[in-house]
Amino acid sequence: MTLTEEGIVHVPGMASRWVRLASGAKAHYMTSGDTGPAVVLLHGGLPGSSGTAGWRHMAPFLGANGFRVYCPDQPAFGLSDTREEYWPAGIESHVDFLHEFTTALCLDRFHLAGNSMGGINTVNYVCAHPERVASFVIIAADVGDVAPGNRPEGAVPLPKIDGNAESMRAGMTAITSGTMSEELIQMRAEAAARHDQAFKAFFPSMWDYAFLQLTGDRAARLATKGRLDRVEAPGICLYGQDDVLQPVEWGYHQEDHLPRIQFFYPADCGHQGQSDQPELFNQVFLEFFRDGRVSGATADAAGVSRRRPELSDLVARP
C-alpha cells in the first residue's frame with residue numbers, strides 16, 4: 001500500500017480535510033463520522049506526529065459509533081502550514097490554534113482528548129475555554145503547575161528522531177508497542193523532514209512547560225493551579241504502567257493533586273496508549289464520551305486507580 005497523493009496513510013473510515021483559519025493559516029485535519037456529538041483528538045509531540053498517526057485506530061471506531069471526530073495536525077506537525085509566520089511560538093500557540101480551528105468549524109461545544117503534548121494542549125485549552133469542553137481525556141501528559149515537583153527517576157532520554165526513516169522506526173519502537181507499517185514510518189519521516197526547522201524552534205517550549213520554566217505573561221497564561229482542579233467538565237486520565245518517557249510514578253504524583261479527575265493505569269501500555277492498547281482505549285473513550293462514565297468492567301480492564309476511592313460519578317458500578 002502506498003501513501004495517498006497528500007502523503008497520508010490511507011485509513012478506512014477517515015477522510016482528509018482542509019480549512020483556512022481566520023489568521024490565514026491553512027489547517028489540515030482528518031475526520032470520521034457524519035453525525036453525533038463532536039470529538040476533537042490531539043496528537044502527541046514527537047517528530048512526525050499527526051492526526052492520522054496518533055488516532056488511526058480510535059477515530060474510525062468513534063466515528064462508527066455515533067460521533068463526529070476531528071483530528072487536526074497541530075502547528076509544526078503533519079500537513080500543517082509550513083510558512084514561518086505560522087510556526088508555533090510556544091506551547092500556548094497550540095491553544096490559540098485549537099480555538100481558531102474549532103471556531104472555524106463551528107464546534108461550539110465538544111469532547112476533547114490528547115496524548116502527551118496533545119494532553120498538555122488539552123489541559124491548557126480546558127483551563128482557557130472551559131465553556132467549550134463537554135468532557136476531556138488526558139493520556140500521559142504534563143498538567144502544569146497544579147502538580148509541581150521533581151520528576152521521578154527512570155525516564156529514558158527522548159529518542160533521536162528526524163526525517164530519516166530508520167531513526168523514525170527506532171525512535172517509535174522505543175516508546176510504543178503499537179503496530180507500525182512501512183507506510184506509517186514513511187509518512188512520519190516525511191512529516192518530520194517537512195517541519196524540521198519549525199519543530200526545532202518549538203521544541204524548547206515543551207520543556208519549559210514540563211519543567212515549569214515559565215515566566216511573566218507565559219507563566220500566568222499557562223497556570224493550571226486553581227483552574228484545572230476546579231473545572232466542572234468531567235475528566236479522566238490514562239497513564240500506562242510501562243511508559244518509558246514519563247514513568248508511571250509521575251501519574252501517581254499528578255493524581256495526588258487532581259482529586260476530581262479519575263485516573264487509570266493500564267498494564268502493558270506505554271506512552272502512546274491509544275496505539276499500544278487500541279481496543280481497550282477505544283472502549284474507554286466510547287463509554288466516557290457517550291455515557292459520561294466508564295463501566296466497572298472497562299474500568300477494571302483499564303487499571304482503574306486503587307490509590308484512592310473511585311469517583312462514582314465517573315466509574316459506573318452495579
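The buried residues of helix H9 pack against strand E8 (261-264). Helices (H or I, at least four residues) and strands (E, at least two) are DSSP runs, numbered from the N terminus. This is a predicted model, in which local features need pLDDT of at least 70, side-chain atom pairs count only at pLDDT 80 or more, and totals for chains, interfaces and linings use all residues. Residues are numbered from 1 along each chain as its sequence is written, and side-chain values use heavy atoms, with hydrogens and water left out.

**Helix H9**

- Helix H9 covers residues 248-257, and Val248, Trp250, Gly251, Gln254 and Glu255 are buried in it.
- Seen down the axis of H9, these buried residues fall within an arc of 145 degrees, so they line one face of the helix.
- The arc is that of the directions from the helix axis to the C-beta atoms.
- An α-helix has 3.6 residues a turn, so residues three or four places apart point the same way.
- Buried means under 20% relative accessible area, exposed means over 50%, and partly exposed lies in between (1.4 Å probe, protein chains only).

**The annotated region**

- The UniProt record, an unreviewed entry, places the feature "domain: AB hydrolase-1" at residues 39-143.
- UniProt positions are given in the numbering used here, feature names are shortened, and annotations may be inferred rather than shown by experiment.
- Over residues 39-143 the chain is 36% helix and 21% strand.
- The end C-alpha atoms of residues 39-143 are 21 Å apart.

- Tyr70 lies in strand E4, and it counts as buried because its relative accessibility is 11%.
- Thr31 is 39 residues from Tyr70 along the chain, yet the C-alpha atoms of the two are separated by 4.7 Å.
- Not counting residues up to four places away in sequence, Tyr70 touches Tyr29, Met30, Thr31, Ala38, Val39, Val40, Leu41, Phe101, Leu105 and Leu107.
- Contact means heavy atoms within 4.5 Å.
- Gln74 is found in the loop between strand E4 (68-72) and helix H3 (91-104).
- Gln74 has 1% relative accessibility and therefore counts as buried.
- With neighbours within four places in sequence left aside, the contacts of Gln74 are Leu42, His43, Ser80, His94, Phe97, Met117, Gly118 and Asn121.

**Positive phi angles in loops**

- Ser116 is a residue other than glycine with a positive phi, near 55 degrees.
- Ser116 lies in the loop between strand E5 (110-115) and helix H4 (117-128), and it counts as buried at 17% relative accessibility.
- Ala140 is not a glycine either, and its phi is positive at about 50 degrees.
- The loop that holds Ala140 runs between strand E6 (133-139) and helix H5 (165-175).
- With 1% relative accessibility, Ala140 counts as buried.

**A nonpolar surface patch**

- Leu158, Trp207 and Phe211 make a nonpolar surface patch of about 260 Å².
- Patches are made of residues with over 30% relative accessible area and no salt bridge: like charges are joined within 9 Å, nonpolar side chains (Val, Leu, Ile, Met, Phe, Trp, Tyr) within 5 Å.
- Accessible areas come from the Shrake-Rupley method with a 1.4 Å probe; for residues, only the protein chains shown count as cover.
- Phe211 sits in the loop between helix H7 (196-210) and helix H8 (216-221).
- Its relative accessible area is 41%, so Phe211 is partly exposed.

**Salt bridges**

- Side chains of opposite charge can pair when their charged atoms come close.
- A salt bridge is a side-chain nitrogen of Lys or Arg within 4 Å of a carboxyl oxygen of Asp or Glu.
- By this rule the count comes to 15 salt bridges.
- One of them joins the side chains of Glu182 and Arg169 (2.5 Å, N to O).
- This pair links distant parts of the chain, with Glu182 in helix H6 (residues 182-194) and Arg169 in helix H5, 13 residues apart.
- Glu182 is partly exposed, with a relative accessible area of 49%, and Arg169 counts as partly exposed at 24% relative accessibility.
- In the salt bridge between Asp300 and Arg306, the closest N and O atoms are 3.0 Å apart.
- Asp300 is partly exposed, with a relative accessible area of 37%, whereas Arg306 counts as exposed at 60% relative accessibility.
- Glu310 forms a salt bridge with Arg317, with 2.6 Å between the closest N and O atoms.
- Salt bridges that share partners also join Glu255, Asp256, Arg307 and Arg308 into one network.
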